[in-house]
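Hello,

Here is the structure I promised to pass on to you. Please open it first, and then read my notes on what turned up in it.

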Amino acid sequence: MSDLVLYDDELDEDCYRARLALALCGVVARLHAVDVTMAREQDAPSFRMLSPSGRLPALQGMTGTGDLPAICGATAVLRTVAALAASDSGWAPVDAGDVACVAHWMSFVECELAPARRLRRLALFGPSADDCDTQTSTPAHAALRVMEDHMTLRRISGRSWFVGNRPTIADIALFPSFALCRDYGLSHDDYPALRRWQSCVKRLPGFIAMPGVPEYG
Amino acid sequence: MTEQGQYAPEEVDAHGWRPVALGLDLPPASVTGARIGEQRLAIWRNSHGDVRASDDRCPHRGMRLSLGFVRDDMLACLYHGWCFDAEGRCRTIPAHPGLKPAATIRTTTFPTIESDGLIWCRVDGVERPESPPALTSPAHRTTPVRTIRIDAPTRSVSRALGISPDDRTARVNLPLHDIADTPDDNAPTPSDAAAMSAVTVVVVQHAVGREETRLYVLIEGDAPTTTIQRASRWASSLRDKVEREHKDAIVVEHV
């Protein structure tokens, strides 16, 4: 009997990645809300025991086969959730070429899309110490463009997903970056291939929304 | 009118049919935003394939309708779900299920036409407009490739395409010899080679703003997947080149 706890902040983009992965992969976890506003619970010693750098989301608990040590960060949670999902679900592919492509896009989310995450945080919650005042949407727009170019070529070859023939954790990792880009002023109108992909993601069984991501469309 | 002098003529000219989307980029029961001059539009398609255009503003709270969704073949606002029919009349207000909305609650609609793989719209109020310009001879069909945004003025795009800024459509011969769509041990026969040597790419440009141009890229006639992908990559390269040159030109102006 598994008993997992996801340490979660509802408005955080990376926590949405984790919740979406749990929902789509059919893995059950209890949500534990971490108040990152006034209470700054991410800095509390008890949370730092789980996530030494105070990073959200964090996942911990018991799997069917044993203890799951505390892990933190969206990529770690996504890979773990895919491993906990039914073995034939295919969220983390095993074919070497597909493994490579998923790794590529997971890395893209962490590096190229980092400015997009910073920009959204800045737009919604105001500046923090590590934000400089020269933030523009240019790097975020450039990263979404790379995704648009890729999905345009995929659409032309009759494919719906970023990698292979079925949705993978790469789609889950990339989805919030596009779905939430209106939060910092980028329109979906310029990315028709990503719009098409977005509506495919929204139609997946188990899909969940978050504030800023409408369920329809 | 006092600000008109700041703009190049093609950027304020909102007369006539303007391309607002590639047909394939607007699947059944979906909506997207577009712009013709100062007019913001919600372009939507019902489940039967019919395309409509409406002012991009909900009369209730001013929300952009292009952020909404299509439900029961009506355009629904994301905020409170008010639904507008093909003529722009509000038919449903979810907060008041028993209420029949007054005929005065409506949004302005605009004529649309879908032809040659493109959706055209006009906002100039002309009563009996002529058809949109034909992109190709009636004997040919077109194969849509993609929509692409370029962050540069239309005049910069026109220059790169080798057309006058008043010509909104460019025809580009795209050579195909450097793509590996035939294996080396299966070299094309001379007649195949001639047929495959080039393809005509039709580019329709639309000024979205002073610093933003949208291109609709199509191929004349039928084309295999590899050729469509080639045309898509060509459009990406064109975008990157135009933006680089435009950025360099701005730097020079400021030196």
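One term to start with: contact, or touching, means heavy atoms within 4.5 Å. In that sense, and not counting residues up to four places away in sequence, Val36(A) touches Asp9(A), Gln42(A) and Leu56(A).

Before going further, please note that this is a predicted model, in which local features need pLDDT of at least 70, side-chain atom pairs count only at pLDDT 80 or more, and totals for chains, interfaces and linings use all residues. Residues are numbered from 1 along each chain as its sequence is written, chains are lettered from A and ligands numbered from 1 in the order in which they are written, and side-chain values use heavy atoms, with hydrogens and water left out.

Back to Val36(A). Its place is the loop between strand S2 (30-33) and helix H2 (45-50) of chain A; helices (H or I, at least four residues) and strands (E, at least two) are DSSP runs, numbered from the N terminus. Val36(A) has 25% relative accessibility and so counts as partly exposed. The scale here is relative accessible area: buried means under 20%, exposed over 50%, and partly exposed in between (1.4 Å probe, protein chains only). Val109(A) is 73 residues from Val36(A) along the chain, and 23 Å separates their C-alpha atoms.

Now to where the two chains meet. On the chain A side 18 residues are in contact with 26 residues of chain B. The area buried between them is about 2000 Å², with carbon and sulfur atoms giving 45% of it. Buried area here is the accessible area (1.4 Å probe) that two parts lose on being put together, summed over both. Of the area that chain A buries against chain B, 26% is supplied by Arg145(A), Ile156(A) and Asp189(A), more than by any other three residues.

How many salt bridges does the rule find across the interface of chain A and chain B? There are seven, a salt bridge being a side-chain nitrogen of Lys or Arg within 4 Å of a carboxyl oxygen of Asp or Glu. One pairs Arg64(B) with Asp189(A), whose closest N and O atoms are 3.7 Å apart.

On the side of chain A that touches chain B, the elements giving two or more residues are helix H6 (138-156) and helix H8 (192-202) of chain A. H6(A) gives the most, with eight residues. This side divides into five nonpolar, four polar and nine charged residues. For that count, Ala, Val, Leu, Ile, Met, Phe, Trp, Tyr, Cys and Pro are nonpolar, Asp, Glu, Lys and Arg are charged, and the others, Gly among them, are polar.

H8(A) deserves a look of its own. Of its 11 residues, 10 are buried, including Trp197(A), Cys200(A) and Val201(A). The buried residues of H8(A) pack against H6 and helix H7 (169-179) of chain A, together with S2 and strand S12 (142-150) of chain B.

Asp56(B) sits in the loop between strand S4 (51-55) and strand S5 (69-71) of chain B, and its 5% relative accessibility is why it counts as buried. A polar atom of the Asp56(B) side chain lies 2.7 Å from the backbone nitrogen of Ser66(B).

Finally, chain B itself is divided into domain 1 (4-121) and domain 2 (142-254), with bounds that come from an automatic or database domain assignment. Here 19 residues of domain 1 are in contact with 20 residues of domain 2. The area buried between these domains is about 1600 Å², and carbon and sulfur atoms give 56% of it. Across this interface the rule finds zero salt bridges, and four residue pairs in polar contact (both at pLDDT 80 or more).

Enjoy exploring it!

Methods: A polar contact is a pair of N or O atoms within 3.5 Å; within protein, one must be able to donate a hydrogen and the other to accept it, and residues adjacent in sequence count only if both atoms are side-chain atoms.
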